[in-house]
Amino acid sequence: MSKPGKQSHHSTCQPFKILKENAYAHTAVSELLSATDVPDPQLAYIYGPSGYGKSALISSELRTFSRTHPDAEFQLITASEFAAKFAAASSNRRIPDFQKKIRSLNLLVMEDIQSLENRNKTQRELLSVIDEILKQGGRIILSSTKPPGELARFHKKLVNRFHGGICALIDPLKFQSRLDLLSLWATSDKIPLQKKELSLIAQKKALSPRELHALLIQLQTVSRINQKPMNSSFVKQYLEGNIEPPKTSIAKITKSVCKEFKISIKEIRSANRSQQFVLPRQCAMFLSRELTQDSLEKIALYFNRKNHSTVIHACRQIQNDLDMSPGLRQQVSRIKQQMGVYLF
């Protein structure tokens, strides 16, 4: 459970900007969280494709909420994490403890609701949690890549609860909004790009806000490595694919992973099977397979594994986790950005 003023690792410190495409969703979340009395409605359902800024919007308002409601108990969690905690509580016969903690929250923020499709028991538990929090005058914020009506294999009563709140779509960004965001990020990250160069990047219609930011960081990295100024000519060449991102190695990837997860090279290459080291180790194996031409055997050897089957398992596990966890997706994206090898 998050205490007042504290949030999970899924929150973002990246500056947030209210744009035409997210204005309605921002108003819905802002009014729900700023209400001094019980808000009406008490639930906001924010949806849009992955990378469109749902987490950034919610996190920006949570910071304000924690200041204006210092005594409130709130938690930010993904639906997959909720399912895992519920399953663990069930296995350990501690469901009452689990229910007591989460149902007493003043605010529950749950991301990626769509990942609960086909999980009937977890859906029923979530329905009970939502009903209890709302009954006590609490608030609920949910995010999803799909509108409630497109949630296949969801309990009808649960979908009705979603429809009962404010449902707000975050639309794809138009050119001016993409340019405004890029300008904000360039200023925030101290990236020396002028409006002319930012306009060239903003013309990339197919990219989400997350991908636009990654591209901006990647341009800076490639510019530094190639020792070339970030002028219009450089930006055009890069966007046209005439300047390739730098090649990397298992060692460089592992160093970047260790920096992200705050562990040492020795620890990631050790035999320690604690989850604290297993996850980053699997990430490093996954990225080494994706970003280098090295064989499975060479990757296994670097991590002191007996055979390449460990690498195959790690790649499958991380790919599955990436589909389920937005937090892990953000971590992997940051690792790629810092190495200048973010793939679109």
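The following legends describe an overall view and several close-up views of a predicted model of a protein chain.

**Figure 1. Overall fold of the protein chain.** The secondary structure of the predicted model amounts to 16 helices and 5 strands. The C-alpha atoms occupy a box of roughly 60 × 55 × 35 Å along the principal axes. The radius of gyration is 22 Å, which agrees with the value near 20 Å that a compact globule of 344 residues would have. Of the 344 residues, 51% are buried. Where contacts link residues at least 6 apart in sequence, 75% of them join residues at least 24 apart. The chain exposes about 17400 Å², and carbon and sulfur atoms supply 49% of this area.

**Figure 2. The largest nonpolar core.** This core contains 29 residues, and V257, C283, L287, F303 and L328 have the most contacts inside it. Two or more residues are contributed by each of the helices α11 (250–261), α13 (275–291), α14 (296–302), α15 (309–324) and α16 (326–339). Helix α13 provides the largest share, 8 residues. In soluble globular proteins, nonpolar side chains tend to be buried together.

Figure 3. With residues up to four places away in sequence left aside, C283 touches V257, F261, I318, L328 and V332. Two of these partners, V257 and L328, are listed with C283 among the residues that have the most contacts inside the largest core. A second, separate core comprises 28 residues, including I77, I113, L127 and I140.

**Figure 4. The buried lysine K336.** K336 is placed in helix α16. The relative accessible area of K336 is 10%, so the residue counts as buried, the limit being under 20%. The side chain of K336 forms a polar contact of 3.1 Å with the side chain of E290.

Figure 5. β2 pairs with strand β3 (residues 107–111) in the parallel sense, over 5 bridges. Within this pairing, M110 of β3 is the bridge partner of I77, and I77 is also included in the second core.

**Figure 6. The cis peptide bond between D40 and P41.** The peptide bond from D40 to P41 is cis, with omega near 0°. P41 is located in the loop between α1 (23–34) and β1 (43–47).

**Figure 7. Positive phi at the loop residue K190.** K190 has a phi near 55°, a positive value in a residue other than glycine. The loop that holds K190 runs between α7 (175–188) and α8 (195–202). K190 has a relative accessible area of 70% and counts as exposed, because the limit for that class is over 50%.

**Figure 8. Positive phi at the loop residue K262.** Although K262 is not a glycine, its phi is positive, at about 60°. K262 is found in the loop between α11 and α12 (265–268). The relative accessibility of K262 is 72%, and the residue is therefore classed as exposed.

Terms used:
Residues are numbered from 1 along each chain as its sequence is written. This is a predicted model: local features need pLDDT of at least 70, side-chain atom pairs count only at pLDDT 80 or more; totals for chains, interfaces and linings use all residues. Side-chain values use heavy atoms; hydrogens and water are left out. A nonpolar core is a set of buried Ala, Val, Leu, Ile, Met, Phe, Trp, Tyr and Cys residues joined through side-chain atoms within 4.5 Å. Buried means under 20% relative accessible area, exposed over 50%, partly exposed in between (1.4 Å probe, protein chains only). Helices (H or I, at least four residues) and strands (E, at least two) are DSSP runs, numbered from the N terminus. Contact means heavy atoms within 4.5 Å. A polar contact is a pair of N or O atoms within 3.5 Å; within protein, one must be able to donate a hydrogen and the other to accept it, and residues adjacent in sequence count only if both atoms are side-chain atoms. The radius of gyration is taken over C-alpha atoms; the globule rule is 2.2 Å times the number of residues to the power 0.38. Accessible areas come from the Shrake-Rupley method with a 1.4 Å probe; for residues, only the protein chains shown count as cover. Two strands pair if DSSP finds at least two bridges between them.
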